[in-house]
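This report describes the fold, the core and the surface of one protein. The sequence and the structure are shown first.

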Amino acid sequence: QVLMVESGGGLVQAGDSLTLSCTSSGPSFHNDAIAWFRRAPGKERVFVAGITTNMGTYYADFLDGRFYISRDNAKNQVYLRMNNLKPGDTATYYCAAARWMSRREADFGSWGQGTQVTVSS
């Protein structure tokens, strides 16, 4: 079982920036597509951003270009840079790994425990 560990969450104010990190224990990390999902209070978990093994990136439409995903295969890490944060971005953020890039939660088999991001107005 691949272990995914998220970090970097916290309490910030609207307009601030934050960078989340995801560290994978998977030996085939460089062959995995990695995605960030989030679950807001009382809502379902939704796709936020994803990155392929070839550094192709995918983003949810609601982000309006505010977030940026990147990866460092040498460190087995993926990052989510979040700019101009809004109260609506308040959620628990999860990273997940899959063999192929997807926006569907069900396609990802390895998940972290999540990191909380709270944006105050």
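Leaving aside its neighbours within four places in sequence, with which residues is Leu 80 in contact?

## Contacts of Leu 80

The model is predicted. In this model, Leu 80 is in contact with Leu 18, Thr 19, Leu 20, Trp 36, Val 48, Ala 49, Phe 67, Tyr 68, Ile 69 and Tyr 93, when neighbours within four places in sequence are left aside.

## Nonpolar core

Leu 80 is also one of the residues with the most contacts inside the largest nonpolar core, together with Trp 36, Met 82 and Tyr 93. This core has 34 residues. Two or more of its residues come from each of β3 (18-24), β4 (33-39), β5 (45-51), β7 (67-72), β8 (77-82), β9 (91-98) and β11 (115-120). Strand β9 gives the largest share, 7 residues.

## Overall fold

The secondary structure consists of 11 strands and 0 helices. Because the radius of gyration is 13 Å, close to the 14 Å that the globule rule gives for 121 residues, the protein is as compact as a globular protein of that length. Along the principal axes, the C-alpha atoms fill a box of roughly 40 × 25 × 25 Å.

Among contacts between residues at least 6 apart in sequence, 57% join residues at least 24 apart. Of the 121 residues, 45% count as buried.

## Surface and charge

The accessible surface comes to about 6200 Å², and carbon and sulfur atoms account for 48% of this area. The protein carries 12 positive and 10 negative side chains. The centres of these two sets lie 1 Å apart.

Key:
Residues are numbered from 1 along each chain as its sequence is written. This is a predicted model: local features need pLDDT of at least 70, side-chain atom pairs count only at pLDDT 80 or more; totals for chains, interfaces and linings use all residues. Side-chain values use heavy atoms; hydrogens and water are left out. Helices (H or I, at least four residues) and strands (E, at least two) are DSSP runs, numbered from the N terminus. The radius of gyration is taken over C-alpha atoms; the globule rule is 2.2 Å times the number of residues to the power 0.38. Buried means under 20% relative accessible area, exposed over 50%, partly exposed in between (1.4 Å probe, protein chains only). Contact means heavy atoms within 4.5 Å. Accessible areas come from the Shrake-Rupley method with a 1.4 Å probe; for residues, only the protein chains shown count as cover. Lys and Arg count as positive and Asp and Glu as negative; His and the chain ends are not counted. The place of a charge is taken as NZ of Lys, CZ of Arg, CG of Asp or CD of Glu. A nonpolar core is a set of buried Ala, Val, Leu, Ile, Met, Phe, Trp, Tyr and Cys residues joined through side-chain atoms within 4.5 Å.
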